Amino acid sequence: MTLYGGPAVAGPDGLTYGVLVAALPADDLGAWLAEARFTGLVGPQDGRWSVAVADDPLGHVASQRRRLLDVAADLAATQEAAAAGVVVVRDRLLRLWAGVSEHQVIEYVSDPSAADPNDDEATDTPLGAEDAPALAAWAGVPDVAPDVAALLGGVLGESENESERLHELSRLLGWPEWLVSVDSLPRRISGGPDPSTFVRLKAGRTGVSGWAAGSATRVVRRKT
């Protein structure tokens with residue numbers, strides 16, 4: 001995956017969060033993430049999709065120094081399932097990777113100039129929006145391809161933010177629309193499932209052993 005790290009996104013503070021979305025039963029997703037030593041929350045299945053929320057959306061969230069979009073790609077490949085990773089940075093930048101099996105469907109960056117402020121040639125024109133029809137087909141809703149293309153191809157206005165774009169994308173693709181509220185966890189999610197239905201993993205473990213493993217792993221991941 002690309003476009004991680006580097007300077008912070010410029011602009012006023014906004015929400016930063018990262019989620020995995022997979023067409024798998026929640027138990028299967030949780031079991032795979034436990035093997036991957038994922039740190040975050042695994043939510044209940046919502047229709048076709050199950051969701052996991054990363055504790056550190058901009059850092060390493062699984063073994064082998066994998067970041068969230070890397071985990072999404074590995075999940076899709078090893079489980080031969082439709083999987084996506086989404087990262088929102090301060091509500092000014094949206095990164096999206098989606099694929100199935102070993103096939104990448106889309107790698108999207110909403111604002112390359114925000115993703116890499118040191119690149120003098122970068123513009124605010126989204127990258128990857130041309131793959132919107134493939135994304136709609138991947139989600140099983142090919143008829144909404146024109147709407148998805150218009151949504152992903154647009155440049156945000158000053159009064160708009162990336163959570164709004166993600167909310168509309170979720171509506172179009174049939175993803176849980178409460179994805180944009182996961183920053184409120186462990187408190188109640190607006191329009192979403194009860195927080196008690198989420199399973200917390202720390203380096204792939206639950207309970208007391210998870211907290212211990214998570215603390216040790218957090219130190220290592222911070223150093224790397």
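A quick word on ground rules. The model is predicted, so local features need pLDDT of at least 70 and side-chain atom pairs count only at pLDDT 80 or more, while totals for chains, interfaces and linings use all residues. Residues are numbered from 1 along each chain as its sequence is written, and side-chain values use heavy atoms, with hydrogens and water left out.

Let's start with the layout. The protein chain has seven helices and seven strands; these are DSSP runs, H or I of at least four residues for helices and E of at least two for strands, numbered from the N terminus. Their order from the N terminus is β-α-β-β-α-β-β-β-α-α-α-α-β-α. Of the 224 residues, 49% are buried, where buried means under 20% relative accessible area, exposed over 50%, and partly exposed in between, using a 1.4 Å probe and protein chains only. Contact here means heavy atoms within 4.5 Å. Among contacts between residues at least 6 apart in sequence, 56% join residues at least 24 apart.

Now, the inside. A nonpolar core is a set of buried Ala, Val, Leu, Ile, Met, Phe, Trp, Tyr and Cys residues joined through side-chain atoms within 4.5 Å. The largest one has 40 residues, and Leu96, Leu135, Trp138, Val148, Leu152, Leu169 and Trp175 have the most contacts inside it. Elements that each supply at least two of its residues include β1, β3, α5 and α6. Take leucine 169: beyond its neighbours within four places in sequence, it is in contact with Leu96, Leu135, Val148, Leu151, Leu152 and Trp175. There is also a second, separate core of 29 residues, which includes Leu29, Phe38, Trp97 and Leu201.

Leu29 brings us to α1, residues 26-35, where Ala26, Leu29, Gly30, Trp32 and Leu33 are buried. Seen down the helix axis, these buried residues fall within an arc of 165 degrees, so they line one face of α1; the arc is taken from the directions from the axis to the C-beta atoms. On the other side, Asp27 and Glu35 are exposed. The buried residues of α1 pack against β1, β2, β3, α2 and β7. Just after this helix, arginine 37 takes a positive phi of about 60 degrees.

Over in α2, the buried residues include Leu68, Leu69, Val71 and Leu75. Among the elements covering them are β1, α1 and β4. Just after α2, glutamate 80 also has a positive phi, about 50 degrees.

Finally, charges. A salt bridge is a side-chain nitrogen of Lys or Arg within 4 Å of a carboxyl oxygen of Asp or Glu, and the count comes to six. One joins arginine 200 and aspartate 55, with the closest N and O atoms 3.1 Å apart. That pair links strand β7 to the loop between β3 and α2, 145 residues apart. Another pairs glutamate 162 with arginine 165 at 2.7 Å between the closest N and O atoms; both residues are buried, and they sit about one helical turn apart in α6.

Let me leave you with aspartate 111, in the loop between β6 and α3.
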